[in-house]
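Subject: Structure handover

Hello,

Here is the structure for you to look through. My notes on it follow below.

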Amino acid sequence: MKMRTLILAGSLGLLATLTSRAQSDPPSATPPASPDATETAFVPRLQQRGFTPEQIGQTLACLADARHQGVPAAALTLRLEEGLAKNVEPARLLATLQARARTMLQARTLVQAANYDLVPGSPGDDLLVATGLALESGVPATDLSGVLQRGAGRYAMRMASIVEAGENLHLAGVDIATTRALMNDCLDRDLRRMEVLRAVRYTIQQHRGGMDGDNIRRALWGGKAIGEASPGWHGGQGNGRFGNSGGSGMGSGYGGGGGRSPAGDSSTSPAMAPNAP
């Protein structure tokens, strides 16, 4: 009985919030979206964490509005799950969730402008989320937009790998000019996910060792850097190979990668990679 009372209180708080929003919005505004069963299932847990009825209503409205506007639900619900698991204070968690929603909506605008299919459940969802997380990590929107526009029409999953690469380079402290150039390099060479992973891993290693961006790019694509031996991945004209070991490298940040032939096989040069995700 106590649990039913708590759920009822939360529902009444949500109803009050939505009613207030509907009354304050101009007549031409889009009506607020209604939470679905997955979203309302959070109510008991929000109550247990000390959310007020108003905060519960705002949380569910945030989830529903973002979903209604084309943001993959998991992009927000996983953020909410994380905050609840870490016992984040309600007001702070709500603010974080709302910020994530705004960022994902901005990412949707960028991805949509590059003419990617954003039908729910399509590969475009992965690109949207990758773009949103990169924005959240501080990669400038102008740079992400430029890469997305440059890659318009490419496989969405492959573009997501390149956007993730930019995020990881940025988080590792690589300057934005080098990050942008390397994202474009990977795009122009039509690299697969594992090839992108290996390029990112090598770049971060050399960056931490003090090599500048221009020399890192020379080492990756055009021959050896000034005063350094080449890592073994030469050119983009079909005659190069990456001599470093393949492996998972940065798997914790990227997940699994596409299978590539063993390092040293000249048939796996960037320029000869099949045009597949």
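In which helix does T203 lie? T203 is part of helix α11, residues 193–208. Helices here are DSSP runs of H or I with at least four residues, numbered from the N terminus.

Some background first. This is a predicted model, in which local features need pLDDT of at least 70 and side-chain atom pairs count only at pLDDT 80 or more, while totals for chains, interfaces and linings use all residues. Residues are numbered from 1 along each chain as its sequence is written, and side-chain values use heavy atoms, with hydrogens and water left out.

Back to T203. Its relative accessibility is 1%, so T203 counts as buried (under 20% relative accessible area, with a 1.4 Å probe and protein chains only). Leaving aside residues up to four places away in sequence, T203 touches L169, V174, L182, I216 and L220; contact means heavy atoms within 4.5 Å. A polar atom of the T203 side chain lies 2.8 Å from the backbone oxygen of A199. N215 is 12 residues from T203 along the chain, and their C-alpha atoms are separated by 10.0 Å.

Next, helix α8 (residues 141–150). Its buried residues are D143, L144, V147 and L148. Seen down the axis of α8, they fall within an arc of 135°, so they line one face of the helix. The arc is taken from the directions from the helix axis to the C-beta atoms. Among the elements that cover these residues are α6 (90–113), α7 (124–136), α9 (156–171) and α10 (176–188).

Not counting residues up to four places away in sequence, I162 touches V147, M183, C186, L187 and V196.

Helix α4 (residues 53–68) has 16 residues, which at 1.5 Å a residue should span 22 Å, and its end C-alpha atoms are 22 Å apart, which agrees. The expected span is 1.5 Å times one less than the number of residues. Buried residues in α4 include Q55, I56, G57 and C62. After α4 comes G70, with a positive phi near 100°.

Last, the cysteines. C62 is buried at 10% relative accessible area, and C186 is buried at 5%. The structure holds zero disulfides, a disulfide being a pair of cysteine sulfur atoms within 2.5 Å.

Regards

Notes
Buried < 20%, exposed > 50% of the residue type's maximum accessible area, 1.4 Å probe, protein only. Helix = DSSP H or I, 4+ residues; strand = E, 2+ residues; numbered from the N terminus. Polar contact = N/O pair within 3.5 Å; in protein donor to acceptor, adjacent residues only side chain to side chain.
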